[in-house]
Amino acid sequence: FQSPQPQWIGLALVVGTIQVVASAWRWRFTAQCLGLDLSYRKAVREYYLASFINQVLPGGVVGDLYRAKRHSDTTETRAPAWQAVMVERFSGQLVLMLLTLCVVLASPLWRELLWSFPETKWPIVLIVLLVTTAVLVGLVLGRQHAGLRRVFDFVGVAMGQTFWPMDRLVIQLIGSTLIVSTYVGVFVLATRANGVELPVLTIAALAPPLLLSMVVPITVAGWGLREWVAALSWGAVGLDPAQGVAVSVTYGALIFLTALPGVVMWRDQRKPNSINSSSPH
C-alpha cells in the first residue's frame with residue numbers, strides 16, 4: 001500500500017475538528033436542559049482535554065469522567081453535571097447503534113453476507129435474540145436491586161429532561177447524527193488516504209463495526225480490537241484484510257491527532273474553576 005496522502009489527512013483533521021466542536025455543543029445543550037450554564041468556549045476546551053485523555057488511558061471513558069468531575073466542582077449541585085455527561089454520551093451511542101442497524105438492514109454488502117448462506121442465518125438470529133434477552137433480563141433484575149435502581153433513576157430523570165419535550169429529542173438526534181456522520185466521514189477519508197478506491201457507500205457500510213468496537217472499554221482508544229474487527233470485516237466481504245488493518249491504523253492515528261490540542265489543557269488539569277458555570281457565552 002502507498003503512503004497516506006496528505007491532502008486526505010488534512011481534510012480528515014478538519015472533519016475531526018468539526019466532530020469535537022459539535023460534541024462540545026451537544027454537551028453544552030444537554031447541560032442547559034438540566035439547568036446548568038456552560039460557556040461554549042470552555043465546553044470545547046474541556047472536550048478536547050477529555051478526548052485526549054480517552055486517547056491515552058485505557059477504557060475510553062476516563063476523560064469523560066474527569067470532564068464531569070471538573071464541571072461538577074464548579075456547580076452548586078453536582079448531580080446534574082454528571083448526568084449531563086452520561087446522557088450526552090448515551091445520545092451518541094444510541095445514534096451509532098441505530099446507524100449500525102440501518103446499515104445492516106439496508107446495505108447490500110451486509111445483506112448478501114448475512115442472508116446468502118442459509119447456514120449462517122440462524123446463528124445470527126440466535127445471537128440477536130440472546131443479546132436482546134440478556135439486555136431485557138438485565139434491566140428487569142437491575143430494577144430489583146436497590147443500588148442499580150438508584151442508577152437507573154439517576155440517569156432516567158436526566159434523560160426525561162434532556163430528551164423531552166419533543167423539540168429537545170429532535171435536537172439531540174440531529175446533533176448526534178451529525179457527530180456520528182463525522183466519525184464515518186473521517187473513516188472514509190482514512191480509506192482514501194490509503195489509496196483505497198472503493199465506492200463511498202461501501203466504505204460507509206464498513207465503518208459501523210469499527211466504530212462499535214471502539215465503544216468496548218477494554219483497550220486504549222480501541223487499538224488492537226479495532227484492527228482485529230477491521231481485518232475480520234474486510235475479509236468477510238471479500239476484501240483484503242491487510243487493507244482493512246491499514247485503514248484502521250490510519251483512522252486511529254487521525255483520531256489521536258484530532259484530540260492532540262487537549263494537551264494544551266493538561267497544564268490546567270488541577271484548576272477545576274477553569275469551567276465557569278455562570279458564563280452564558
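These questions and answers concern a predicted model of a protein.

Reader: Why is aspartate 64 called buried?
Author: The relative accessible area of aspartate 64 is 6%. Buried means under 20%, so aspartate 64 counts as buried.

Reader: Why does arginine 67 count as buried?
Author: Arginine 67 has 1% relative accessibility. The cut-off is under 20%, so arginine 67 counts as buried.

Reader: What makes the pairing of aspartate 64 with arginine 67 a salt bridge?
Author: Their closest N and O atoms are 2.5 Å apart. A salt bridge requires a side-chain nitrogen of Lys or Arg within 4 Å of a carboxyl oxygen of Asp or Glu, so the pair qualifies. Both residues lie in helix 3 (residues 62–72), three residues apart, about one turn of the helix.

Reader: Which residues meet aspartate 73 in salt bridges?
Author: Lysine 69 does, at 2.9 Å, N to O, and arginine 78 does, at 2.8 Å, N to O. Elsewhere, salt bridges that share partners join Arg26, Asp64, Arg67, Glu88 and Arg89 into one network.

Reader: Why is aspartate 73 called partly exposed?
Author: Aspartate 73 has 25% relative accessibility. Buried means under 20% and exposed over 50%, with partly exposed in between, so aspartate 73 counts as partly exposed.

Reader: How do you know whether alanine 242 is buried, partly exposed or exposed?
Author: Alanine 242, in helix 11 (residues 241–259), has a relative accessible area of 40%.

Conventions:
Residues numbered from 1 in each chain as written. Predicted model: local features only at pLDDT ≥ 70, side-chain atom pairs only at ≥ 80, totals over all residues. Heavy atoms only, no water. Helix = DSSP H or I, 4+ residues; strand = E, 2+ residues; numbered from the N terminus. Buried < 20%, exposed > 50% of the residue type's maximum accessible area, 1.4 Å probe, protein only.
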